[in-house]
Amino acid sequence: MRYLPLTPADRREMLGVIGAKSVDDLFRDVPERARRDGFVDLPRRQGELEVERALTKMAAKNVSAGSVPFFIGGGAYCHHVPSVVDHLIQRSEFLTSYTPYQPEITQGTLQYLFEFQTQVALLTGMDVANASMYDGSTACAEAVLMAHRVTKRKKAVLSGTLHPHYRAVVENLCEAGGDPVEALAPALPGKTEDIISRIADDTSCVVVQTPSYFGELIDLRAIADAAHAKGALLIAVVPEVVSLGLVTPPGEMGADVVVGEGQSIGNGLNFGGPYVGLFATRTKYVRQMPGRLCGQTVDAEGKRGFVLTLSTREQHIRREKATSNICTNSGLCALAFTIHLSLLGEDGFKQLARINHANAVKLGRALSGVAGVELLNGAFFNEFTIRLPKSATAVVDALADKGVLGGLPASRLIPGDASLENLLIVASTEINTDHDRADFVAALKEVL
Amino acid sequence: MSGMNNQGRPTAAGEAGSSDFETFTGNKGLRLEEPLIFELDNPGATGVDLDEPEGYEPKLGAFERKARIGLPGMSEPDVMRHYVRLSRKNYSIDAGLYPLGSCTMKHNPRLNEKMARLPGFADVHPLQPQKTVQGALELMDTLAHWLKELTGMPAVAMSPKAGAHGELCGMMAIRAALVARGEGDKRTRILVPESAHGTNPATAALLQYKVDAIPATADGRVDLAAFKAKLGPDVAAIMLTNPNTCGLFERDIMEIADAVHEAGAYFYCDGANFNAIVGRVRPGDLGVDAMHINLHKTFSTPHGGGGPGAGPVVLSEALAPFAPLPYVVHGADGFRLVETAGEAKADGSHPFGRMVAFHGQMGMFVRAMAYMMSHGSDGLRQVAEDAVLNANYILASLKDHLSAPFEGPCMHEALFDDRFLKGTGVETLDFAKAMIDEGYHPMTMYFPLVVHGALLIEPTETESKHTLDQFIGTLKHLAQAAKGNDKSRFTGAPHFAPRHRLDETLAARNPVLRWQAETPKQAAE
């Protein structure tokens, strides 16, 4: 087997040193009833060519985003990733290194995590960020638990336009701890949600997403003020991090915690994972944060260096008193994020955001020109919601048959709400061309 | 003992800095200093070429970002150089043995990387119409089948993002089953051995369970009598790692499982050490109810400097109906992803909820699948055998030079303690840091907690006998040096790494967690 270096002669010699007759001898602590003599009922080993052939065949059954006019968002966005990113993250020293527990020989990882934390803090307008969470949804749920610790209250209030999967993840984790969650019904774009009246003396936090599930930009200022007046925290959720190149960051609108999905920068769609959760907050809450933190220090010679720090929050030290059970997070995805953002820089990142917005505005204009289609949003970034004259699910299905992946039916993630049946959530990024838009409009006209 | 070791490094410790004068740049030949990206800022430089969009009226309302973000400007060559230089400060499995116990640092085949990058897997959106992602669902279903066969378990929840997330998922399934039985409020205690990973008690605490520690016996295993005495009608589950964190197979595991079930509780197994038994022992045959599988350990997906991982959880018949959303089913018209509680109800299952947005770590699934197909059932069995053989070879070769707390055979990890360092003035930490100077990543230190000054070595199956012999030889030299009063070699170590020992106390006392531009005001002060 090509990955296994021991030869039969090696094995014999090693067994001799150990003083064992056979390998079976080494498994003698396994209860006899549970020992298996034969192979498990699965195929035998295959060469690289055979594996590649089989998996390539499987992959070919999927329609890849890059092969069609593509307009789906809903918390995962199709962006161009420069080739440098994938080259660098495949360097052995990054790809095949462990969590940097030995800082003297993992300064590469630690320094990029320090840079990543700084970038996330800058983008979100916050003081500090951690070294990543699994993804946006778990970052969001962890933020709610942090708010519980900070406020010593137990009840979270969730906006109705929080991504439905994020809501489900928050509810699941809160329910595990026996903590109540109040989730509002979704308010359609253009309609203001009255979340402020739900903030009470027992509210630990208010969770609001911007851009919302429907792509609408949400003003957080009044919500932040109202939350703070009641002693609650405002958790802002940013599902599309590119928006922060053009939109006022939640940190400037009074958010106490900003969580987000960082996939858009540096990371592919990957059918939903791996992604990279962003988590940023104010300095005063740093000891309540979940996840790994990288900090600056000096070595024995006084030279600047970096280490994992404040680990007395973490499970390997505090066990059942830890702030979270998280261990492995999204190191390599954070690296992809930080490399891509370094390539973009201040000017490139803002320009990328402008291109995304411009493409979405142009698409919105083109789609609302189709008879029976209505654009619902007031303010949006690169995603918006349109009302169709018929079921959005049926339309998306028919569009797919015409080779256009034309958005996300709102009802796919919020089933059973008749008012959402005809709503289609559409995203456009820098990958879309005039041609893509024309194809989308033409196909939509045909299927309506 | 002067001259060079077999990797071309001087074996004499020397004094830090003796041959080490300060260069003008701070660099030392190939040992390059590298500033932060923020210190490399070249305003106006960019690593992308984008066109300014035209012909649109902004629809941002009152939300336009006004202030500068503060991101540095860098060209592509500058970015390339920065990260390549950073990478050279890292140790990696590709460059050498990485014997971190509990972490299974095995070779990461590049075929897996290639397969995960096929556009049909990498460039597919999680919310595309299901008819356009049949291959992705097929891959998930196929991987699930392999995991079920290898573990002898009837169901698997694929969505957890890492080991600890899988633990949480498994424990949530257990809680849901207890609630369904009407015993959710009654069973509030979780039994966890003292030797457990920290994630186990942290996970139990997230679910508001009371953690009750089970002591270990002198031979490094669960104290069966003490365990049985702790069982009762208020126990929800036991969380047990097997093979355990001392690198030993729990001989009484089936008796433990029977007793747990007898008491109406469930058996959660931490599958971090599955590499020792894959293809040879099936957790389902041992009486396990739930076990997470770290695809980034046993199935070789790269650790990436701390993730991403993936932690699918296999479930017993009793827990299967409570598996979280989403899951894949295979029907007459192809594969179907069940995403909502309504659909699940129609299927007759009772998912406890959702662990994560979307469907799990697809990128890791593809890599793990490529790894499994490459090995096959025969190769996977060989993996466990060689992993266990390598660890026992280390144990047998070093037990008279270091000190081993437990008799062999071990499974895939060889555990040592610090008795051999007694009276030398060298601590476990110093010993481990000296390994860095010899060109090795240290083993896991001070874990498991049940052994004093623990040194936990996991070589994995992908190391050759030649590599092991070199490693063993190095450890023998170091043990001899420690006993021979060569203290400065250890207490000053590492001498030859990109950094000397870092001040972790300072980092924690005065946390500097981000780069800050010095404002003119501060500069003036």
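At 56% relative accessibility, A:Asp434 counts as exposed, where exposed means over 50% relative accessible area, buried under 20%, and partly exposed in between (1.4 Å probe, protein chains only). Helices here are DSSP runs (H or I, at least four residues), numbered from the N terminus.

Before we go on, please note that this is a predicted model, where local features need pLDDT of at least 70 and side-chain atom pairs count only at pLDDT 80 or more, while totals for chains, interfaces and linings use all residues. Residues are numbered from 1 along each chain as its sequence is written, chains are lettered from A in the order in which they are written, and side-chain values use heavy atoms, leaving out hydrogens and water.

Now look across to the other chain. A:Lys61 forms a salt bridge with B:Glu138, the closest N and O atoms being 2.6 Å apart. A:Lys61 sits in the loop between helix H3 (48-59) and helix H4 (83-89) of chain A, and B:Glu138 in helix H4 (residues 134-151) of chain B, so this pair joins two chains. A:Lys61 is partly exposed at 41% relative accessibility, whereas B:Glu138 is buried at 18%.

Terms used. A salt bridge is a side-chain nitrogen of Lys or Arg within 4 Å of a carboxyl oxygen of Asp or Glu.
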